[in-house]
Amino acid sequence: MEHEISKVGRFTVIALKGEVDMRHSPQARKVILANLEKALPVMVELSGVSYIDSSGVASLVEGLQLAKNRKIEFALAGISTPVMNVLKLARLDRVFTIHPTPESTLA
Amino acid sequence: MPNPALPPLDDAHMVSEVALLAKIGWDFAAESADLDETLRHAIQRILDYLDAEAGSIFLLDEETRELSCRACAGPLDITGLKLEVDHGIVGRTITSNCLQMVRDVAKDQSFTGFVDAQTGFTTRSILCAPLLIRGKALGAIEVINKKSADGLFSPADSQLLVALSALAALAIHNARMAAALVEQERMKKELELAGEIQRSLLPRPRSDDFPIHGLNVPALEVSGDFYHFFELPDGRLSFCLGDVSGKGMNASLLMAKTISLFHCLAKTQHEPGVLLAAINDEVAETATRGMFVTLVAGIYDPQTQQVIFANGGHQPPLFRDARGGFQEFAAEGPPIGIFAGVDYLEQSLALAGGSLYLFTDGLTEGKPKNGVPLGDTGVRSLIEKLRALPAPRRLQQMAAHLQFPGAVLHDDLTIMVIDSVLAPLPMESTDLPACPDCLPQAREVARTAGRKAGFDDETVENLALAVNEAVMNVIQHGYHFASGQTVRLEISLDDAALAFDLLDHAPPVRPEAVQSRPLDEIRPGGLGVHFIRSIMDEMTFIAPPPGFGNCLHMVKYRKKEGSEHGT
């Protein structure tokens, strides 16, 4: 898994790429939580994610919980069909704020 | 200061009595192999102490009601001498269960003078105490002719003899119990040997793809149930399954006879009805005590998938067709061994992708964990639940359903299955190192199996996720991320379903501990089991094969029609 960090509007965008499974979810978790520590809005961009499992979903849930506690904006974007499928299985597709792309929040 | 509540201990007589009791008690306690030797010592010590001329110990034979002298002391050796139980003073002691003190035998009508007449000894006085265990006399101790003073036994002598007789009775009882234990042990060894020979009469296990498999679990060491099958030169298979009335050794001997008759006659007789009639005639000619055998025998042709069988009074064989329907075949003839000259009708059946189950009442009447006998319905749902497993594992799981830890098997349990498809083969068995890095491979194995089974892309991806989650659970909760561990993923496919068995070496899990969390509770973790349950049609822990700690059995049904399949 790779990740890239960029700034789009108010969001710090963390773009994850590759397979977010047990091998890489600790890394994803670390990056998400570290960026939330900066108290700025965070968006996780998942269009490059080909696979995600329950450990990857757990990293996203942890980010969501921390953001809620700190009253920071937290969103997902670029959800591919396989990722959406897993979020639906976990019934989390309505729990996250989901944008089509980071840029779609600029309008 | 002397304590007035206790009797005075300065009496030399009492001290030596206690010493004698202690000595004899010690002899009895130390006694091991030779009871007669110990009894001889005891009677000699008693004789010396009571200052009597002769003494003997008689034991009662419960069956013959005869008394025989096991030990004696004095001028004459009467060891081995036998008396009727109602004979003489010894006899009276035993029949009355009471101590007898005869001061002058001449004045006692019970005294027969039998021994005196044979030996020339002169008996004057007798003290005789019964050897009592729980109020029942095992025999008696007799002492004759007090030598000192007036030649009469005193009340103190009789009290002492009663005390000594209690010690002797205990020693004899113990020795008998020990002998009985040795005998029990010998019988147990013989039974084990018989059980071993009996197991050797059953056919050897075959590879998963063989069409017939059987399983026999005896309730006792030996079994009255049996099954057998073997290949005929033309490629067809001859098979039988039966149950001898009754249990234990006599049932197992009749089992041995019947299975041997089958093995011998079925080689040349390929018509099950005629075969059953021949076995019946042979057994009926020699069977005793109203024993009989219920027996199904038949022929299976793997080429045509045709089964022909005849049923002598046995439980109806149960057929599960390829679509999941069930059909029973009731017996057409009486049990084997009751009347000679009976005709047995043949029944025939085309398996056409289905499986034929034969079993004994140990299965239908067996009790699973809920304590309710399995019954016909239970057997059917068990077959339905386990159908995706290879036959040997399927039978093993059926038996495991009734043989959970702590279960008591009340009847022998025997099951046989004839599968018409060679299918439920492990299509693939993959060993993986149990670490996060193996997850992509586990997913790929699952995807390949899913595609082979014809599932659509989304379902294939879901299957990969379910297997991923299952392996992850083992790494995390089974092995706690310990390195050097492995898991095995076995995949089997048949007409109805794709099954994944994940085997690990972790300590057995409690299935109730493996639960998905409530989904309205938003928190990380605990999603894996929910994913597996949502994706798979079945998820259960089944008994793992030897060498493994757990086996997670996950099944996805193949739907022949509908949107999920091959769109």
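**Chain A, overall.** I began by counting elements: chain A has 3 helices and 5 strands. I kept in mind that this is a predicted model.

Next I looked up burial, and 56% of the 107 residues of chain A count as buried. For the accessible surface of chain A I noted about 4900 Å², with 53% of that belonging to carbon and sulfur atoms. I also checked contacts in chain A with a separation of 6 or more: 68% of them come from residues 24 or more positions apart.

**The sheet in chain B.** In which order do the 6 strands of the open sheet in chain B lie? I read off β3-β2-β1-β6-β5-β4, with antiparallel pairing. At the edges I found β3 (82-84) and β4 (100-102) of chain B, each pairing on one side only. From one strand to the next, the twist averages 25°.

Strand β4(B) is joined by 3 bridges to β5 (residues 126-133) of chain B, and the two run antiparallel. As one example of a bridge, I picked B:M101, whose partner in β5(B) is B:L127.

**Helices against the strands.** Helix α3 (residues 88-96) of chain B packs on the sheet, and I listed its contacts as β1, β2, β4, β5 and β6 of chain B. The direction of helix α3 makes about 145° with that of β6(B). I looked at helix α2 (residues 35-50) of chain B as well: it lies across β1 (52-61), β2 (66-73) and β6 (136-146) of chain B. Against β2(B), helix α2 runs at about 65°.

**B:L202.** My next stop was a loop residue. B:L202 sits between α5 (155-201) and β7 (212-217) of chain B. Is B:L202 buried or exposed? B:L202 counts as buried because its relative accessibility is 15%, and the cut-off for buried is under 20%. Leaving aside residues up to four places away in sequence, I found B:L202 touching B:N216, B:F226, B:Y227, B:M255 and B:I259. I also noted B:H228, which is 26 residues from B:L202 in sequence and 5.9 Å away in space, C-alpha to C-alpha.

**A nonpolar patch.** Last, I went to the surface. Which residues form the nonpolar patch there? They are B:L191, B:M249 and B:L253, with about 260 Å² of accessible area together. I followed up on B:M249, which lies in helix α6 (residues 248-265) of chain B. With a relative accessible area of 37%, B:M249 is partly exposed, and so it passes the patch requirement of over 30%.

Notes
Residues are numbered from 1 along each chain as its sequence is written. Chains are lettered from A and ligands numbered from 1 in the order in which they are written. This is a predicted model: local features need pLDDT of at least 70, side-chain atom pairs count only at pLDDT 80 or more; totals for chains, interfaces and linings use all residues. Side-chain values use heavy atoms; hydrogens and water are left out. Helices (H or I, at least four residues) and strands (E, at least two) are DSSP runs, numbered from the N terminus. Buried means under 20% relative accessible area, exposed over 50%, partly exposed in between (1.4 Å probe, protein chains only). Contact means heavy atoms within 4.5 Å. Accessible areas come from the Shrake-Rupley method with a 1.4 Å probe; for residues, only the protein chains shown count as cover. Patches are made of residues with over 30% relative accessible area and no salt bridge: like charges are joined within 9 Å, nonpolar side chains (Val, Leu, Ile, Met, Phe, Trp, Tyr) within 5 Å. A salt bridge is a side-chain nitrogen of Lys or Arg within 4 Å of a carboxyl oxygen of Asp or Glu. Two strands pair if DSSP finds at least two bridges between them. Axes are lines fitted to C-alpha atoms, for helices over the stretch in contact, and angles run from 0 to 180 degrees between N-to-C directions.
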